[in-house]
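Please read this briefing with the sequence and the model side by side, and follow each topic in turn.

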Amino acid sequence: MERESTLKQIWGSLSQNKGAMAGLVIIVILAIIAVIGDSIAPYDPEYSDMTACFVAPCAEHIFGTDQLGRDIFSRVLSGTRISLTVGIIAVSISLTIGTVVGALAGYCGGKVDMVIMRIMDMMLAVPSILLAITFMAALGKGIDKAVIAIGLVSIPEYARIVRGSVLSMKQNEFVQAARVMGNKDSVIIFKHILPNILSSIIVRATLGISTAVLDTAALGFLGLGVQPPAAEWGDMLGRSRSFIFNAPHTLIFPGLAITLTVLAFNMLGDGLRDALDPKQRK
Amino acid sequence: MLEIKNLSVGFQQKKGTVNAVRDVSFNVGDDEIVAIVGESGSGKSVSSLAVMGLLADNAKIDGEILLNGENLLLKNEKEFQEVRGNKISMIFQEPMTSLNPTMRVGDQICEAILTHEKISKREAMGRAVELLCSVGIPAPDKRVKDFPHQMSGGMRQRVMIAMALACRPKILIADEPTTALDVTIQAQIMKLIQDLHVSYNMAVILITHDLGVVAEVADRVCVMYCGQIVENALVADLYDNPKHPYTKGLLESIPRIDEDKERLYMIDGVVPSPQNLPEGCAFAPRCPDCMEICKKSRPALVESEGRMLRCFLYHSVCEGEQK
Amino acid sequence: MNEAVIQLKNLSKYFTVETNFWGKPTSVLKAVDDFTLDIFRGEAFGLVGESGCGKSTVGKMIAGLYKPTSGEIIFQDGTDLAKLSTKDRRKYCQNIQLIFQDPYASLNPRMKVEEIIAEPLKLIGKTDSGEIYDRTKYLMECVGLSDYHMDRYPHEFSGGQRQRIGIARALAMNPDIIVCDEPVSALDVSVQAQVLNLLDDLKKEFSLTYLFIAHGLNVVKHISDRVGVMYMGQLVEYAEKNELYNNPQHPYTQALLSAIPSPNPHRKKEQILLKGEVTSPIDPPDKCRFCTRCFRKEEKCEKLSCPTWTEVSPGHFVSCHLFQ
């Protein structure tokens with residue numbers, strides 16, 4: 001009796017997980033919107049109609065309009081591309097570098113560990129937004145630079161998680177067995193250790209997306225990230241803060257968009273974590 | 001003194017109930033050391049936890065646990081607390097984790113005393129020192145001020161025993177008390193338990209997987225397999241003449257110091273999972289003397305020549321005798 | 001039989017417990033201290049001792065998991081493994097393999113059984129997938145697993161079966177010597193017998209040499225040809241097994257043997273109950289390590305430094321002042 005390939009098994013387990021599938025569907029829809037958002041938007045997202053500020057949601061403007069009379073629905077659609085890319089790229093940067101650095105520190109121990117972790121501690125000691133601004137000062141203005149800065153800033157968080165997990169995983173006898181067999185250190189890290197600590201990394205990464213989106217907004221606020229009038233969820237959220245009581249809809253819809261995205265990634269991440277774990281899949 | 005009648009424990013789980021203990025009955029006399037032996041998953045720890053009323057909420061318990069004629073299972077949590085520690089005490093396998101690392105050992109023993117008796121803190125501390133002395137800890141008046149991490153494994157197990165003795169229980173349940181300890185320390189602790197059994201005049205239920213320890217200290221043995229007692233006999237009878245095929249196999253398969261064996265006897269196969277027990281006798285798939293009837297129906301625990309056996313091989317014998 | 005596969009000479013492993021501000025060690029734990037032993041081709045050498053006596057550390061140094069602080073590990077080709085760099089040491093991995101204690105932690109939970117056993121095959125340079133498959137299948141048969149187990153993950157197996165997988169993985173490299181680090185102490189009695197018999201069979205079939213580390217004296221006696229007893233980082237006595245068990249000389253060995261509970265209720269033997277517990281191996285004084293608990297201690301034991309070896313009968317060595 002031939003059993004299915006590992007990839008098929010993972011997919012089989014994932015497709016049975018309703019939450020993960022819902023997350024995946026939402027992410028696919030968001031991705032489509034990101035590509036064609038501008039062309040399906042009912043209004044020009046940057047067109048401001050000063051005669052129709054703070055219109056509550058109605059048939060014409062289903063999400064209402066903002067303080068400058070711009071259609072929020074169009075802006076949310078148009079903002080998808082930037083926000084989604086910002087979130088994903090920033091997380092990818094911090095995840096990749098953080099994992100490698102953390103795994104090195106945890107695996108090698110000793111002086112390597114001390115040097116790496118002291119640098120990480122130094123980065124954590126400075127408030128993240130201040131650090132991001134410093135990076136921006138070095139890198140220059142622009143949304144692409146902002147993403148890099150945000151990605152760099154959150155490296156320590158990933159490095160800490162990965163280092164801790166690697167340290168405990170390293171104690172396991174199967175890692176020692178791999179060493180006794182004469183594996184290279186890189187093989188041991190990537191084949192034997194990292195797959196076993198995926199779950200904690202995945203959960204952290206999905207949550208990291210929302211932080212990244214909000215941090216971009218904060219940089220934009222300081223004139224370092226997305227520049228008005230371009231639409232971006234975090235930026236929309238930040239600029240409507242003062243109208244929270246008069247016109248809550250200006251805040252709710254971009255907020256919902258961020259929540260939905262994070263939720264979708266989180267559900268997919270949870271499902272992926274279970275599907276990748278042979279103990280969880282049937 | 002302690003009678004356990006038809007005790008069954010099932011754990012409610014997503015995929016149905018797992019029957020960890022099935023229809024276990026045995027008695028513990030006033031001055032007996034009864035050993036319960038079995039491999040991991042045989043239900044020996046679960047039965048003792050049931051006696052202590054320490055099972056998780058998803059456990060479904062049937063049967064009766066009678067202490068001097070009182071059914072413990074009918075008691076509520078508050079009444080049970082009166083019994084626990086006072087009449088029945090328990091020591092656990094891991095002396096490393098069963099003591100609170102942030103409290104001095106003297107305070108921990110005092111706490112055990114003060115829950116059940118209304119005496120002053122000072123008196124309790126005096127008792128604690130006495131107890132530590134009786135479990136063989138040198139310089140007990142100094143050691144009461146120690147934290148658990150300042151003591152070695154054997155010392156900690158002694159402290160655990162002292163705590164268990166705090167209220168002079170009638171029954172001491174020792175759940176694998178020496179598994180985590182070294183051989184030389186194990187010998188010390190087993191000696192201590194034997195001595196206390198006499199000096200405190202209490203019954204001991206010793207739960208272990210080590211047949212050697214059982215032979216040295218116990219008066220009677222219950223052998224458990226898959227949640228059932230398969231044989232219950234006096235130590236000398238059981239070791240000289242094991243009757244149940246599982247007991248026989250178990251005794252044969254231990255490598256021994258005092259004799260040389262070219263090959264060890266092996267019980268084939270593995271213990272069946274409690275979700276997936278065979279239709280007939282639980283041991284039938286591994287049994288060398290398996291008969292047709294063993295595969296179809298489950299044997300009952302019957303008496304035969306002064307011992308209890310759960311095996312069809314001996315059913316006909318005793319039926320014949322009864323007729 | 002008298003050709004040594006591996007020779008350990010004055011092997012020591014110290015762990016630093018405390019350092020001063022400049023990183024200089026002020027307190028060291030002597031896990032293994034001045035350990036000398038030859039292990040011969042085709043034998044099973046049993047190493048017993050209580051927890052923390054350093055027996056596992058010896059095994060791990062031989063297997064290359066720890067680098068010795070000092071001393072030599074001479075392999076049969078004359079190379080001193082202790083002096084090699086990590087990279088050169090890797091070449092000897094296929095000669096020396098290790099079987100671990102905990103069958104639940106020693107297999108990577110994310111790898112299938114087939115991958116686990118094939119990994120060492122790939123490492124020794126086998127590339128043909130057909131050959132690897134056949135060899136994996138053969139190895140699984142050797143340890144009593146069927147080929148339909150190949151596609152499964154470790155968690156689908158019982159403890160005994162997992163230990164078999166671990167053994168197959170060690171065999172895959174076709175090693176000269178296998179260090180068995182407490183291979184059966186985590187298993188139930190009935191399964192323990194199965195694994196011990198398997199190890200016995202494999203030893204004959206593959207003409208292996210074992211260093212069998214365990215705390216269960218009965219288990220060690222069953223499997224070994226020669227047995228050595230360790231106490232606090234030092235070997236105190238070694239001999240052919242029947243000689244050692246019937247005629248123990250070192251007081252510690254005597255106490256250890258008398259402490260084992262025997263599954264025979266009629267044999268009420270005289271137990272030697274040792275006083276106290278193992279003293280700390282951190283910064284031990286330079287005298288017999290056992291003299292604080294010894295029941296045959298004499299005045300000279302307190303004064304003299306560590307005892308040296310005496311051959312009390314052919315092949316039976318004791319390290320104790322009483323015999324000097």
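In this predicted model, chain B holds an open sheet of eight strands, which follow the order 6-7-8-3-9-10-12-11 and pair in a mixed fashion. Strand 6 (88-91) and strand 11 (302-304) of chain B stand at the edges of the sheet with a single partner strand each, so one side of each has no neighbour in the sheet. On average, and with direction ignored, neighbouring strands of this sheet are turned by 20 degrees against each other.

**Inside the sheet of chain B**

- Strand 3 (residues 33-37) of chain B is paired with strand 9 (residues 220-225) of chain B in the parallel sense, and the pairing runs over four bridges.
- Within this part of the sheet, Ile36(B) has Cys222(B) of strand 9 of chain B standing opposite.
- Helix 6 (residues 153-165) of chain B packs on the sheet, where it touches strand 6 and strand 7 (171-175) of chain B, and the direction of helix 6 makes about 170 degrees with that of strand 6 of chain B.

**A pair of helices in chain C**

- Two packed helices are described by the angle between their axes and by the distance between the axes.
- For helix 3 (residues 113-123) and helix 4 (residues 129-142) of chain C, the packing angle is about 120 degrees, and the axes are 10 Å apart.
- The crossing in which helix 3 of chain C passes helix 4 of chain C is right-handed.
- On the side of helix 3 of chain C, the residues that meet helix 4 are Glu114(C), Ile117(C), Ala118(C), Leu121(C) and Lys122(C), while helix 4 of chain C contributes Ile132(C), Arg135(C), Thr136(C), Leu139(C) and Met140(C).
- Sorted by class, this contact between the two helices of chain C has six nonpolar, one polar and three charged residues.

**Where the chains meet**

- Two pairs of chains touch, and of these the pair of chains B and C has the most contacts.
- In that pair, 37 residues of chain B are in contact with 32 residues of chain C.
- Helix 7 (183-199), helix 8 (211-217), helix 9 (235-240) and helix 10 (245-253) of chain B each supply at least two residues of the side that touches chain C, and the largest share, seven residues, comes from helix 7 of chain B.
- This side of chain B is made up of 19 nonpolar, 10 polar and eight charged residues.
- Chain C also touches chain A, with 24 residues of chain C in contact with 16 residues of chain A.
- Strand 5 (96-99) and helix 3 of chain C are the elements that give two or more residues to the side of chain C that touches chain A, and helix 3 of chain C gives the most, with three residues.
- By class, that side of chain C divides into 12 nonpolar, six polar and six charged residues.
- Chain A and chain B, in contrast, do not touch, and their nearest C-alpha atoms are 13 Å apart.

**Chain A as a whole**

- Chain A has 11 helices and zero strands, and its C-alpha atoms fill a box of roughly 75 × 55 × 30 Å along the principal axes.
- Of the 282 residues of chain A, 43% count as buried.
- Among the contacts in chain A between residues at least 6 apart in sequence, 69% join residues that are at least 24 apart.

Conventions:
Residues numbered from 1 in each chain as written. Chains lettered and ligands numbered in written order. Predicted model: local features only at pLDDT ≥ 70, side-chain atom pairs only at ≥ 80, totals over all residues. Contact = placed C-beta atoms within 7 Å. Nonpolar A, V, L, I, M, F, W, Y, C, P; charged D, E, K, R; others polar. Pairing = 2+ DSSP bridges. Axes fitted to C-alpha atoms, helices over the stretch in contact; angles between N-to-C directions. Left-handed = near helix turned anticlockwise from the far one by under 90°. Buried ≥ 20, exposed ≤ 12 C-beta atoms within 10 Å, placed from the backbone.
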